Amino acid sequence: MDIVIAGGSVSAFEAAAAARRTAPEARIAVYSAESVPPYRRPALPGLICAAEADAEKILIRPRDFYGKNAIELHLGTRLETVDPAKKTAVFSGGAAVSYDRLVVAVGGRAFVPDLPGAKGGNVFSLRNFDDLVSIRAKLAAGARTAVVVGGGILGLEAVDALLKCGIGVTLLEQADRLLSRNISPEDSLMMMRALEEIKNFRLVCRAETREVTGKGVVLADGTLISGDLVLFSTGSRPAIDGFLPQLPRERGLLVDDRMRTGVEDIFACGDCVQFGGKVCGLYAISRAMAAVAGVNAAGGGTVYMPKADAIMLNTLGFRMSNDGKVTKK
Ligand SMILES: Cc1cc2nc3c(=O)[nH]c(=O)nc-3n(C[C@H](O)[C@H](O)[C@H](O)COP(=O)(O)OP(=O)(O)OC[C@H]3O[C@@H](n4cnc5c(N)ncnc54)[C@H](O)[C@@H]3O)c2cc1C
């Protein structure tokens, strides 16, 4: 049996590992758009100001895991099209690969609002390893100030990482308080007061961004928030725009509880899917979905049992407990 997996992160890794456990004889091949083997994406902010951006430190498994488990890993190779009738997947470079089962685990992409200047050379997002390398290059080139747009959990982690690099950071949040969808107004206020004490840091709430220029971000009222580097942390979207149009979709690729897409022998999992009305965007949930996709693609029979969305806050000296209460460490 030929199992082909498209993706380069936790979902692709977990689907491959689960397929291997289920079908010891199957040929399993992972095709990843990335230049490094699957890594723990949540570890990226921690590498912003590390001495070096050492990918080996954040790999989910060492490079030799794939060879030892007879999993082919093709890096720098993007799935482009699929012909479900011929059961062929076409990858960048034109290679057409036959499959018995295909797992689509292409995840998410950073969402950056369509503002004037948002494609400028001083604008970044942090979704993948190449983004990390670009941000580090900008810092190495002498950036001394940064504007982070978006005060969600990932935005706060980015602020923490940039402050550790010793640069001045302004955080722009559209709402009138931080983490308004995640924590109580009281906890938000406590956090905002504590953040005011941090040197080199400024929080601007009710910030409507109008455009990005070479000097920073211009707000709707014309105020310029200066920054050599502008980092958008404004969410992610399933990386499925214009991609595999045969697969039923809403906001993400639609899957059932076996991670089947509705097109025969094509499974999907992780941040690229919508299950139970939701696109989840969380690591543990992607991993659990991928284990189900891998087992079923390899001929097993298992179903995904939805997990609670466990959001984690552990940054800038704050921690969130299981009951959603924020405390200062
Ligand atoms: C900075 C950051 C911090 C995070 N922190 C947390 C956290 O603390 N806790 C938490 O629960 N979640 C966190 N997340 C979210 C979590 O990382 C994701 O939910 C998880 O990585 C999803 O895994 P995935 O494999 O489905 O998709 P992704 O991680 O998005 O990986 C998709 C992979 O597929 C590759 N790909 C894309 N298109 C193609 C193609 N056409 N062909 C081949 N390969 C392709 C991509 O290059 C990528 O490697 C964080 C995310 C980011 C960006």
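**Exercise 1.** How many salt bridges does the count between domain 1 and domain 2 give?

*Solution.* The model is predicted, so local features need pLDDT of at least 70 and side-chain atom pairs count only at pLDDT 80 or more, while totals for chains, interfaces and linings use all residues. Residues are numbered from 1 along each chain as its sequence is written, and side-chain values use heavy atoms, with hydrogens and water left out.

Step 1. Take the bounds: domain 1 is 2-109 + 236-297 and domain 2 is 112-234, as set by an automatic or database domain assignment.

Step 2. Apply the criterion, a side-chain nitrogen of Lys or Arg within 4 Å of a carboxyl oxygen of Asp or Glu. The count between domain 1 and domain 2 is 1 salt bridge.

Step 3. Arg 127 and Asp 271 form a salt bridge through their side chains, at 3.1 Å from N to O.

**Exercise 2.** Describe the contact between domain 1 and domain 2.

*Solution.* Step 1. The C-alpha centres of the two domains are 30 Å apart. Domain 1 gives 20 residues to the contact and domain 2 gives 15 (heavy atoms within 4.5 Å).

Step 2. About 1500 Å² is buried between domain 1 and domain 2, with 64% of it on carbon and sulfur atoms (accessible area, 1.4 Å probe, lost on putting two parts together, summed over both).

**Exercise 3.** Is Ser 188 buried or exposed?

*Solution.* Step 1. Ser 188 belongs to helix α5, residues 185-196 (a DSSP run of H or I, at least four residues).

Step 2. Ser 188 has 0% relative accessibility and therefore counts as buried (under 20% relative accessible area, 1.4 Å probe, protein chains only; exposed is over 50%).

Note on methods
Helix = DSSP H or I, 4+ residues; strand = E, 2+ residues; numbered from the N terminus.
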